[in-house]
Amino acid sequence: MGLRITENVTEEDVEEIHRELQKYNRLKREASESIPLGVFYEEKNGQKKAGLTGELFGNWLCIKYLWVSEELRGRGIGSRLMEAAEKRAVEHGVKYAFVDTFDFQAPQFYISRGYEQVFKLADYPYTGVRYYYVKQLKK
């Protein structure tokens, strides 16, 4: 046995550590369901022009990614994606939503949708800011 330090981390390395962590967590935390969620704005040929991905995890809608193509920004597509995701979450009995964003992305967008900042990570990665938001969802 020995310590190995590398800057060449493989997908297999990450997957193995994640798998082992999940195994441990499942033994210790309360049982909870994780349901993947995707909301996409697509052309008829299936090409994605905007999308939201995340998961429904226990009481939480955890938004991982939200993207709207440049040509569609400012047209309410992001709001439609968020509304659809929040609605689906509520249908599953989810009570809260969580998202994080960078200062150059969309902090005001989330604030305007009722999200409240719970944490701010300054100097990320060097001079930027990363914000963490939560929202209580309504039935």
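Which residue takes a positive phi near 60° in the hairpin of β2 and β3? In this predicted model, that residue is G58, and the hairpin has two residues between its strands. Strand β2 covers residues 48-57, and its partner β3 covers residues 60-68. The two strands run antiparallel and are joined over eight bridges. Within this pairing, G54 faces I63 of β3.

The path then continues to a further strand. From β3 the chain passes through helix α2, residues 77-91, to β4, and this β-α-β crossover is right-handed. Strand β3 pairs with β4 in the parallel sense, over three bridges; here L61 stands opposite A97 of β4.

K49 belongs to β2. Because its relative accessible area is 16%, under the 20% limit, K49 is classed as buried. Its side chain makes a polar contact with the side chain of E71 at 2.9 Å. Beyond four places in sequence, K49 is in contact with Y41, E42, E43, W67, V68, S69, E71 and L72.

T101 is located in β4, which spans residues 96-102. With a relative accessibility of 2%, T101 likewise counts as buried. The side chain of T101 makes a polar contact of 3.1 Å with the side chain of Q105. Once neighbours within four places in sequence are set aside, the contacts of T101 include A106, P107 and Y110, together with V129, R130, Y131 and Y133.

Conventions
Residues are numbered from 1 along each chain as its sequence is written. This is a predicted model: local features need pLDDT of at least 70, side-chain atom pairs count only at pLDDT 80 or more; totals for chains, interfaces and linings use all residues. Side-chain values use heavy atoms; hydrogens and water are left out. Helices (H or I, at least four residues) and strands (E, at least two) are DSSP runs, numbered from the N terminus. Buried means under 20% relative accessible area, exposed over 50%, partly exposed in between (1.4 Å probe, protein chains only). A polar contact is a pair of N or O atoms within 3.5 Å; within protein, one must be able to donate a hydrogen and the other to accept it, and residues adjacent in sequence count only if both atoms are side-chain atoms. Contact means heavy atoms within 4.5 Å. Two strands pair if DSSP finds at least two bridges between them. A crossover is right-handed if, with the strands pointing away from the viewer, the path from the first strand over the helix to the second runs clockwise.
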